[in-house]
Amino acid sequence: MTNTTAKKWAVDTAHSSVDFSVKHMMISKVKGSFHEFSADISADPQDLTGADISFSIKVNSIDTRSQDRDNHLRSADFFEVETYPEITFRSTDIKKTGEDEYEMTGDVTIKDVTRQETFKVEYEGSGQDPWGNQKVGFTADGKLNRKNYGLTWNQALETGGVLVGEDIKINLQIQAQEA
């Protein structure tokens with residue numbers, strides 16, 4: 001069923017972020033961001049259940065505040081950016097779970113592996129900027145197991161455990177403008 005109140009939205013990357021965190025040495029978390037991303041969004045922000053959303057992240061834009069670590073993440077041990085330059089997401093189902101809250105399920109592709117994942121999405125509101133542009137805001141949170149996508153590199157610690165955790169927590173802060 002087509003949503004007749006859906007509009008096209010363009011992500012305002014200057015006011016949006018794609019962040020992640022992962023356990024390091026089993027005692028702390030390392031945080032990072034992807035700085036280059038885009039989305040195709042056709043949605044009624046007041047009711048996302050009929051939305052069509054696809055998202056693309058340029059893996060080479062990874063930033064964990066350590067050049068050596070970022071280069072390792074870009075290598076064949078992890079993302080293989082030369083062969084697999086993007087991470088993609090395409091929504092397949094969106095369910096309303098509360099006031100302005102949703103569960104969005106879709107196909108995530110990392111490297112050559114595609115799996116269904118579900119993210120919690122919250123509609124943060126809408127408003128008009130000083131130049132008359134209509135803006136909307138969303139937050140999305142989820143968790144992926146990196147091993148499910150072939151990101152299996154790790155190193156055992158002398159004290160037991162491993163250097164890099166399996167679960168990657170994802171947080172997106174998205175501001176979009178009517179296209």
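Phe138 has Ile174 as its bridge partner in E11. This is a predicted model, in which local features need pLDDT of at least 70, side-chain atom pairs count only at pLDDT 80 or more, and totals for chains, interfaces and linings use all residues. Residues are numbered from 1 along each chain as its sequence is written, and side-chain values use heavy atoms, with hydrogens and water left out. Helices (H or I, at least four residues) and strands (E, at least two) are DSSP runs, numbered from the N terminus.

**Pairing along E11**

- Strands pair here if DSSP finds at least two bridges between them.
- Strand E10 (residues 134-145) runs antiparallel to E11, and eleven bridges join them.
- Strand E2 (residues 17-24) is also antiparallel to E11, through seven bridges. Val22 stands opposite Ile168 of E11.
- Strand E1 (residues 7-11) pairs with E11 (residues 164-178) over three bridges, in the antiparallel sense. Here Val11 faces Ala176 of E11 as its opposite residue.
- In a regular strand, side chains alternate between the two faces of the sheet.

**Salt bridges**

- The whole structure holds eight salt bridges. The criterion is a side-chain nitrogen of Lys or Arg within 4 Å of a carboxyl oxygen of Asp or Glu.
- One of them joins Glu178 to Lys7, with the closest N and O atoms 3.9 Å apart. The pair links distant parts of the chain: Glu178 is in strand E11 and Lys7 in strand E1, 171 residues apart.
- Glu178 is partly exposed at 34% relative accessibility, and Lys7 is partly exposed at 41%. The classes are buried (under 20% relative accessible area), exposed (over 50%) and partly exposed in between, with a 1.4 Å probe and protein chains only.
- Glu86 and Lys58 form another salt bridge, with a closest N and O separation of 2.7 Å. Glu86 lies in strand E7 (residues 86-98) and Lys58 in strand E5 (residues 47-58), 28 residues apart.
- Both ends of this pair are partly exposed: Glu86 has a relative accessible area of 30%, and Lys58 has 37%.
- Lys135 and Asp129 meet through their side chains in a salt bridge of 4.0 Å, N to O. Salt bridges that share partners join Asp12, Asp129 and Lys135 into one network.
- Lys135 is buried at 12% relative accessible area. Asp129 is buried at 16%.

- Asp44 sits in strand E4 (residues 37-44).
- Asp44 is buried yet has no salt bridge; the nearest side chain of opposite charge is Lys7, 7.6 Å away. For charge, Lys and Arg count as positive and Asp and Glu as negative, while His and the chain ends are not counted.
- A polar atom of the Asp44 side chain lies 3.0 Å from the backbone nitrogen of Gln46.

- Helix H1 (residues 67-74) has three buried residues: Asp70, Leu73 and Arg74. Seen down the axis of H1, they fall within an arc of 100 degrees, so they line one face of the helix. The arc is that of the directions from the helix axis to the C-beta atoms.
- Strand E6 (62-63) is included in what covers these buried residues.
- Asp63 belongs to strand E6. Asp63 is partly exposed, at 28% relative accessible area.
- Leaving aside neighbours within four places in sequence, Asp63 is in contact (heavy atoms within 4.5 Å) with Gly32, Ser33, His35 and Asp70.
- The C-alpha atoms of Asp63 and Ser33 are separated by 5.3 Å, though the two residues are 30 apart along the chain.

Methods: A polar contact is a pair of N or O atoms within 3.5 Å; within protein, one must be able to donate a hydrogen and the other to accept it, and residues adjacent in sequence count only if both atoms are side-chain atoms.
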